[in-house]
Structure formats: C-alpha cells, structure tokens
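Me: I am new to this structure and would like to go through it by question. Please show it to me.

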Amino acid sequence: MRTDRPAPHIPDSSYDLHPAPIPFADPWSYELAFPRDPRGPRIARTTLRAILGAHELTELSYRAELLTSELATNSVRHTQGPAGVRLQWRHPVLRISVWDHSPDLPKPYAPAVDQDAEAGRGMAILELVADRWGGCAIGEGELGTGGKTIWFELALAT
C-alpha cells in the first residue's frame, strides 16, 4: 500500500460542499426556454413554483403561476417557435417575463364586449392581477429576427 499520497480532504461541514444560500433581499434570476409544445406552460408553472418555494416566496406563487400560464399558453398557441420565461427578483418585486419569436405585441387592454368570448381574457387577467405589466419588441437574437417580451411584476407585501 502506497503512503506517499496525501490523505483526501474530508469536509468539516456542508458549508465546504455548497455555497451559502443567496440572502433573501439579494437579487437573483432564473430562465427557462421551452419548445412550441402544449406541455410548455405546465412545465413553466411547475418550475416557477419550485423556484418561488425555494426562495420562500410562496405568497406570490398563485398570482405568478396564473399569469405565467396565461402568457406562456399564448406563446405556444399563437407563435411558431420556442418561448421562454425569466424570473427576476429585486426585493421586494418579482418580475416575470415571457418571450417568444412573434413580433406581434398584444393589443392594449380593453374591457371585453362579449362576456361569452372563448378568447381574449388573458390580457384582462393580466391587467387585474399584476401590480404592473408591459411589453416590448426584441431585436435580433440567436434564433433570428423579431420577437417580443411581455412582462409583469408582483410586489411582496412589506
């Protein structure tokens, strides 16, 4: 048996294995891209729920999941390419952006004329539930020209 090699390092604690968690008020962001697939919005919701739970922001989960689902579903239904969701935490505000490769921005919110309409309620839900929201066109990217980002913000009650 050879004894000229140094003994392996045995960590004193889990701090040697992993970095410390990000403090609650420090900024962070996560991004998820998904193909044009009807499962994409569900995967986005599930991922969002896990992230918010891990960062102890579960009180924002219901509204965040509802709005993300609406926007991601629109991207899957009405565009011809991949889409994505980005979460950004800037204490005390969570901003969620949904991007896709369609250059068509949604029409400005207006109350629905036909209460029984099968479509068009997503923007009304966004208007009612988000603390702030907006959208912008995006220029050229790695997947080509055009596209848009629709974002919304939810503020943590202080």
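Me: Is Asp131 buried, partly exposed or exposed?

Reply: The model is a predicted one. The relative accessibility of Asp131 is 43%. Buried requires under 20% and exposed over 50%, so Asp131 counts as partly exposed.

Me: Which residue forms a salt bridge with Asp131?

Reply: The closest N and O atoms of the pair are 3.5 Å apart, and a salt bridge needs them within 4 Å. Asp131 sits in the loop between H3 and S4, while its partner is in helix H2, 68 residues apart.

Me: Which strands does the salt bridge between Lys148 and Asp100 tie together?

Reply: The side chains of Lys148 and Asp100 meet at 2.8 Å, N to O. Lys148 is buried at 8% relative accessibility, and Asp100 is buried at 3%. The two residues are 48 apart in sequence, so the pair ties together strand S5 and strand S3.

Me: Which residues are linked with Glu153 in a network of salt bridges?

Reply: Glu153 lies in strand S5 and is buried at 14% relative accessibility. Its side chain meets that of a residue in strand S4, with 2.8 Å from N to O. The network links Glu153 with Arg132 and Arg95.

Me: What is the angle between the planes of Trp28 and Tyr30?

Reply: Trp28 is buried at 6% relative accessibility, and Tyr30 is partly exposed at 35%. Their ring centres are 5.2 Å apart. The pair is edge-to-face, a class for planes over 60 degrees apart, and here the angle is 70 degrees.

Technical notes. Residues are numbered from 1 along each chain as its sequence is written. This is a predicted model: local features need pLDDT of at least 70, side-chain atom pairs count only at pLDDT 80 or more; totals for chains, interfaces and linings use all residues. Side-chain values use heavy atoms; hydrogens and water are left out. Rings of Phe, Tyr and Trp (its six-membered ring) pair if their centres lie within 6.5 Å; planes under 30 degrees apart count as stacked, over 60 as edge-to-face and the rest as tilted. Buried means under 20% relative accessible area, exposed over 50%, partly exposed in between (1.4 Å probe, protein chains only). Helices (H or I, at least four residues) and strands (E, at least two) are DSSP runs, numbered from the N terminus.
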